[in-house]
Amino acid sequence: METSNLMMQTTLLAGAILLENGAEIARVEDTMHRIANNAGYPDAQVFVLLTGITVSLPESGASQVRAIHQRGMDLEKVDQVNTLSRAFATKSIDLPTFADKLHQVNHAVPTFPFSWLVVAALVVSVTLMIAFTGHATPADLITCSLAGMGGFAVFYWVNRFAQIRFLSEFLGALLIGLLTLIGFYLTHNTAYHADAIIIGAVMPLVPGVAITNAVRDTMTGNLLSGPARAIEAILSACAIGLGIALTSFFY
Amino acid sequence: MAHWLLTTGIMQIILAYLATAGFGVLLNIPRRAVNLSGWVGAAGWFTYEVLYQLLPSTIDVKLAIGNLVAAIVIGVCSGLAAHYKHMPMIIFNIPSLVPLVPGGQSYRVVRNLVTGHPDIAYQYLTQVVIIAGVIAIGFLIAEFINRLAWHFTHA
């Protein structure tokens with residue numbers, strides 16, 4: 001393969017991994033520029049949107065596009081792309097090796113086992129419930145742990161099989177609402193704070209980071225990608241809010 | 001204040017540490033970064049809580065100033081952590097934001113709209129806009145501070 005072609009494909013792949021796993025637009029552009037620069041093409045043009053990336057070489061009149069369909073959060077991949085890009089900058093790996101390693105990162109990267117993730121969701125839910133509301137009666141703690149774990153487990157598995165983020169968020173929130181409702185009837189609302197439990201249990205799902213990233217992207221001048229991220233975040237908030245609201249009519 | 005620091009303050013630090021480390025696991029950050037990013041999150045949330053106790057003003061102003069300073073603290077700390085561990089900053093500043101970020105408020109906006117409380121929804125929407133904007137500005141300021149520090153230590 002020609003070097004220029006390989007360079008464009010490698011740059012695109014690195015950008016795509018970063019964008020699909022939660023990096024901001026400015027970081028993606030910066031990394032892609034560096035890679036092109038270090039590969040010996042300082043005049044390469046990079047154009048990054050939330051849903052697609054373009055690289056072009058004005059001199060040879062060549063350009064390549066890559067569409068981005070799914071966006072999630074996997075910071076291990078971001079870290080590995082960053083490490084590889086640094087190694088490439090110091091010339092300790094060459095372009096073909098860099099391309100190979102990027103393919104590996106994209107397909108096989110260490111993840112935490114599912115049981116760890118569920119425990120992490122429990123920890124996030126319970127600690128934030130106490131930190132935000134100060135409520136920590138036994139009934140609150142038990143219901144919040146169950147709802148936090150259940151909500152995240154549903155979110156995770158539906159996401160795995162259906163790959164529709166808003167559906168999995170909706171179903172996760174619905175389960176959280178149902179568990180809280182069951183707790184409400186079991187305890188007859190004595191020493192039980194339904195609102196506190198819900199706010200804790202939805203914390204692993206809510207799009208808080210997405211909203212902040214939307215504002216950050218807009219502020220760095222990405223006037224198309226920032227608002228697009230905001231719309232994604234608003235849809236998530238709607239899915240979760242609806243899931244909870246459907247059960248909250250029964251209190 | 002001293003009493004608050006020794007009881008609620010320490011409690012809040014521990015809670016924020018656990019929440020940030022847990023959220024880090026959910027975002028699949030590298031294992032060797034989990035502990036440090038937990039401390040960055042604890043520093044940010046503690047800053048926010050102290051300011052929230054000290055500032056004599058309305059809740060919106062408390063939210064704005066508290067989140068702004070907390071975001072600057074998180075930005076600077078994660079810059080240092082990133083430099084120390086040779087990792088991108090995003091690994092430390094994204095999990096650390098979880099206690100601050102307006103996720104809970106954003107879901108409350110929708111929930112209150114659906115259940116027929118538009119006035120409460122409006123209050124929460126204001127908070128979402130204030131917090132998200134202020135955190136973004138805080139990160140920009142932190143970036144600026146990091147660059148200045150880099151400039152002066154390597155000049």
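Trainee: How many residues does the contact take from chain A and from chain B?

Mentor: This is a predicted model. Residues count as in contact if their C-beta atoms, placed from the backbone, lie within 7 Å. On that criterion, chain B gives 39 residues and chain A gives 44 residues.

Trainee: Which helix supplies the largest share of the side of chain A that touches chain B?

Mentor: Helices H3 (75–89), H5 (114–133), H9 (208–219) and H10 (225–248) of chain A each supply at least two residues of that side. The largest share is 11 residues, and the helix that provides it is H5(A).

Trainee: In the hairpin of E2(A) and E3(A), which residue takes a positive phi?

Mentor: Strand E2 (residues 52–57) and strand E3 (residues 62–67) of chain A run antiparallel and are joined by 6 bridges. Within this pairing, A:Thr54 has A:Val65 as its bridge partner in E3(A). Between the strands lie 4 residues, and the positive phi, near 70°, belongs to A:Gly61.

Trainee: How far apart are the end C-alpha atoms of residues 12–145 of chain B?

Mentor: UniProt, in an unreviewed entry, places the feature "domain: Threonine/Serine exporter ThrE" at these residues of chain B. The span is 82% helix and 0% strand, and its end C-alpha atoms are separated by 27 Å.

How values were computed. Residues numbered from 1 in each chain as written. Chains lettered and ligands numbered in written order. Predicted model: local features only at pLDDT ≥ 70, side-chain atom pairs only at ≥ 80, totals over all residues. Contact = placed C-beta atoms within 7 Å. UniProt positions renumbered as here; feature names shortened; annotations may be inferred. Pairing = 2+ DSSP bridges.
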